[in-house]
Amino acid sequence: MSLRPLCLAGPTGCGKTAAALALARRQPVEIISVDSALVYQGMDIGTAKPSPAELAEVPHHLIDILAPTQSYSAAQFVRDALALVPQIQARGARPLLVGGTMLYFKALFDGLSALPEADAALRADLDARAAREGWPALHAWLATLDPETAARLAPMDSQRIQRALEVCLLSGEPMSALYQRQRSAGVDWPLVSLEPSDSARAWLHQRLGERFAQMLSSGFVDEVRRLRARGDLTPDLPSMRCVGYRQAWELLDEAEALGRAEPDLHALHERGTAATRQLAKRQITWLRSMPARHVVAAEQPQALPAVMRLIEELS
């Protein structure tokens, strides 16, 4: 009998990796990463990618599968994940889907809509217009074409604004309308959510600040320098829009403009931590729109044993 897939979600910094590895020590699992940043090669420190030892301890999938020049969509994730699940089950292991890219989880649970494929020429046009007018102006334009989608996006959420405009312009219909129909069947796998309680905002903010500081001390700036030195990356690529990388790229640009060898690390910590907090806030909002999830309060001292008990009950 095949082992049923399980999903473990949560905002960044809440201990999902530790929980997944703890489960792997109790039962045979293979981890499918549900993370839009971990797919990229050469982006290790700023994405908090599992260490080589952790990757060796349990099989991982959908990590380091793309060059940072490439893009990866929710539709591609769903196709890849659904292909991996029976392969993992055939090896006698449980597929464990772990991550914080809530759009991927939503696409998995709700099924896929018939959205048009990406159009490089149109995206270049949208990027050029954003460079002239700013992303808030394109957000306002989106609000006239697809008010429902615009209402859930921040005015500077460039990647999602671009995609929503692209869908509207290619299909002639709002993305929100396309999502409502022609949707393939989604999965009904159990979802465990490791997330902070409403009263634990300070706890999460402290963890995120400490984690970004650890990234800086581990050589994050040098990692971004190596990526810039490739010569084929720009700050508009999805990979370089990832939280932390965008802020590091901007501050390296600022340092070069001022003739400085080093960026302002204090400013980078402040900007990077603020961006990470905003990401976590968006992730929590997405999670709370998934009513079937089983919640464990991440800040409680016994969070890890609680996750283990819950997962074993759902297995």
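## Terms and model

Buried means under 20% relative accessible area, exposed means over 50%, and partly exposed falls in between (1.4 Å probe, protein chains only). This is a predicted model: local features need pLDDT of at least 70, side-chain atom pairs count only at pLDDT 80 or more, and totals for chains, interfaces and linings use all residues. Residues are numbered from 1 along each chain as its sequence is written, and side-chain values use heavy atoms, with hydrogens and water left out.

Helices (H or I, at least four residues) and strands (E, at least two) are DSSP runs, numbered from the N terminus. Contact means heavy atoms within 4.5 Å.

## The annotated binding site

An unreviewed UniProt entry gives a "binding site" at Gly10, Pro11, Thr12, Gly13, Cys14, Gly15, Lys16 and Thr17. The entry also places a "binding site" feature at Thr12, Gly13, Cys14, Gly15, Lys16 and Thr17. UniProt positions are given in the numbering used here, feature names are shortened, and annotations may be inferred rather than shown by experiment.

Thr12 lies in the loop between E1 and H1. Thr12 is buried, at 10% relative accessibility. Leaving out residues up to four places away in sequence, Thr12 touches Leu204, Leu208, Arg211, Thr276, Leu279, Ala280 and Gln283. Gly13 sits in the loop between E1 and H1. Gly13 is buried, with a relative accessible area of 11%. Beyond its neighbours within four places in sequence, Gly13 contacts Arg207, Leu208 and Arg211.

Gly15 is also placed in the loop between E1 and H1. At 26% relative accessibility, Gly15 is partly exposed. Its contacts, neighbours within four places in sequence aside, are Leu194 and Arg207. Thr17 lies in helix H1. Thr17 is partly exposed, at 37% relative accessible area.

Helix H14 has 12 residues (303–314); at 1.5 Å a residue they should span 16 Å, and the end C-alpha atoms are 16 Å apart, which agrees. The expected span is 1.5 Å times one less than the number of residues. Buried in H14 are Ala303, Ala306, Val307, Met308, Leu310, Ile311 and Leu314. Their cover includes strand E1 (6–9), helix H1 (16–24), strand E5 (191–195) and strand E6 (294–297).

In helix H6 (residues 135–145), the buried residues are Trp135, Leu138, His139 and Leu142. They span an arc of only 105° around the axis, so they lie on the same side of H6. The arc is that of the directions from the helix axis to the C-beta atoms. Helix H5 (120–133), helix H7 (147–151) and helix H8 (158–171) are among the elements covering them.

## Aromatic pairs and charges over rings

Rings of Phe, Tyr and Trp (its six-membered ring) pair if their centres lie within 6.5 Å; planes under 30 degrees apart count as stacked, over 60 as edge-to-face and the rest as tilted. The whole structure holds five aromatic pairs. Tyr72 is in the loop between strand E3 (60–61) and helix H3 (74–90), while Tyr104 is in helix H4 (residues 102–110), 32 residues apart. Tyr72 is buried at 11% relative accessibility, and Tyr104 is buried at 3%.

A charge sits over a ring if NZ of Lys or CZ of Arg is within 6 Å of the ring centre and within 35 degrees of the ring normal. Arg129 lies over the face of Trp141, 4.1 Å from the ring centre. Arg228 lies over the face of Trp249, at 4.9 Å from the ring centre.
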